[in-house]
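Please examine the following structure with attention to its aromatic rings.

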Amino acid sequence: MKSLLLTGMFFVTSVFYAQEKPTNETVQDSVKKEKTTELKEVTIYGNNRQYLKVESDKTTINVRDNGMLNSGSSLEAVKKIPGVITSPSGDITINGKEVIIYIDGAPSSISGTDLQNYLATLPANAIEKVELIYNPGASYDAIASGSIINIVTSSKRRKGINASFNINYNFNKYQKPSPQILLNGKEKNLSWQTMIGYNYIDSENYTNIDQNFTSFTPNQHLIQKNLAVTTNRNFYFRTGTNYKLSEKSNLLFNYNMNLSNDRIVSEATTAGTGIDYFNNSLANNKNNNHELSLQFKTKLDTIGRTLDVTASRNFFDKKPNTISNGVNNNVSNYYNGNVDFKLANYYLKYDFAIPFHKENFSLNTGGKYNALKITDNGVYYLNTPTNSMISFNYTETNLAFYAEARKKIKKFSFTSGIRFEDYNVDRLAVRSGITTTVNFKNRNFFPNLSALYEINSNLNVSASYSKKIQQADYNTLDPNNFSSFDQYNSSSGNPLLNPTFFDNYELKFTGFQYVQLGGNYTISKDANRLIFDANPGELISNRTYKQFDKLNTMSIFTSFPIPLDYFLKGKEEYDVRKSNLDKMNFLFLNINYIRFDSAGTKFSFDVKPLWSYSIESQIILPWEIQSSAYYKLRPPGTYQIYYLSKTIQWLDISFNKYFLNKNLKINIYCNDLFNTNEINAIVSTNNLETNYYQKQDSRIFGIGLTFNFGNINLKKEDINIPLEKKSQTNDLLR
């Protein structure tokens, strides 16, 4: 019955959206029609919006015009994207595959909790769109372990001087204002944009950790509870310029600054046999992040050869410190620490595209050099008059070159690529007088293959394979404690972790820019996962990272729309509305089936597949009020090495209304309306079994206001130079 229902939905959707996707063209035809296509796109921009576009190699989601996605933080927007699943440790996957985060086309140099905190303080209304690149080819870094989430920030550039003021005021028992102003303009060959914003976010997080220490006879049982109230104060400044050197060349400069001053106040208790522990702690953390990039883009000739050169620098530092005062059975103790962390990243790459139109063939080549240096020094006072020092140094250099060829034969499109990566990684950790040194050198080739068959102008099926690598990031390696710690808890990285190697296979059917049905299988060797660990005979739970020999993932996924107007309003009214998504009523469904296999590792729980369902709706109410809803349901199942023991679900709703000739937009919304978004997970290791419960103050009410100054009807400038390297179908990117 379910298969018949899905088939029927697909058939209906096929009829509704057949007119959306243009017929596929050869490289030669694309070049001939390039100018005409650009003029057509400029003409319809802003009138025929697409909130979501599904292609064979990627899916693009419009965030700026989506009231459900643009009201919260960038991290919240990413988590609502179809196919995205978040683990109890905070890791993000797409359709079960590992993910690397790109920002504006380049991999982020910060990672782990630092990256999540950065995205959590960057408002979603600063994002133009999000691209999900499922099986990236040789032109992308080999560290793109399985998939890429490319967050493209706002790039409005219009003639004259224009401004937009935005404020989101979120509240529950805490206040969360986030004002922002966007300035942009264009004069002759120079265009520019500046975004300035501030976030003040108070929030709370409650955890209940039930732990069974199995190395004792009998077993020791501890119940730990923690209520943490976090204050995030974040100021960001993002500016960019584009200078048009000629009709074929552009020079772009970007500078992004993010300054944070965060505070965490927590109250923790630990109860067990003969244990009655209470701990108050205060953690402060100041972050500074500075990013600079310079990009030169040019079309070398009339036949389509292009060159793209990018250079960037990133400096990030943080200084977390913790003051922890505990009382255990009337005996006082303290656990205080200070950490000084610095990161410097230098990045240079070039991409060169060479089309051969007569042969329906194209060749892309390029290279990059990346140097990353991290130093981290921690000083800890653990209830003794003397301190304990931990130092960590990490240096990585990476030189890479790639070549990727594309060939179209009738209805078939083939892609074959090879990427050479030369890694040189040095790690040095000094703890309690013990020095740990790890030198990792690896020169390897990473191939990718893909084939696409066009069933007709709107339907295609594709298959792909790629080999990738993922270096253990500094958050997983650094032995310093970055979170609150006390007599019964610690947190540290593992400097001995090896890189993870991936073999990714995918088969997918794509139709009408909205429908996809596919599956992927990933074999990962030496996968790193966050665990709760304990040394034999010690009542201390340590959050650290462990390597698993193999962790294989199989995922089956589908997503499709249901145009409600066809059923509710009839075909004639649907035909009127279908050209303007702002006035359409529709549902968009996404279903995922994921099965993880730890290849020999035994757990205390039965491994079960994980299902995930999500549905997004848009309903147009009277007075042109646009209502949106997002609902996600995840029944119990195994996610990687964690067993999610209870159903996870939440519902978000929003209402949008334009005023003053669309210069003023008001958005009223509620996230997690029924306050049901929580995590219940089981983690099993050799000496410790953990039942983990986490509940954040996820039910948030809010109102957003956006006011535009200037002529918003002017056409947006297109600064992109067509490049073929990211399209599996040989279409030129526009």
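A charge sits over a ring if NZ of Lys or CZ of Arg is within 6 Å of the ring centre and within 35 degrees of the ring normal. This is a predicted model, in which local features need pLDDT of at least 70, side-chain atom pairs count only at pLDDT 80 or more, and totals for chains, interfaces and linings use all residues. Residues are numbered from 1 along each chain as its sequence is written, and side-chain values use heavy atoms, leaving out hydrogens and water.

Q: What makes the charged end of K662 count as sitting over the ring of Y658?
A: The charged end of K662 is 5.3 Å from the centre of the Y658 ring and sits over that ring; the distance limit is within 6 Å.

Q: Why is the pair of F316 and F341 called edge-to-face?
A: Rings of Phe, Tyr and Trp (its six-membered ring) pair if their centres lie within 6.5 Å; planes under 30 degrees apart count as stacked, over 60 as edge-to-face and the rest as tilted. The centres of F316 and F341 are 6.0 Å apart and the planes are at 70°, so the pair is edge-to-face.

Q: Why is the pair of Y630 and W650 called tilted?
A: The centres of these two rings are 6.4 Å apart and their planes are at 40°, so the pair is tilted.

Q: Why does Y630 count as buried?
A: Buried means under 20% relative accessible area, exposed over 50%, partly exposed in between (1.4 Å probe, protein chains only). Y630 has 3% relative accessibility and therefore counts as buried.

Q: Why does W650 count as buried?
A: W650 has 13% relative accessibility, so W650 counts as buried.
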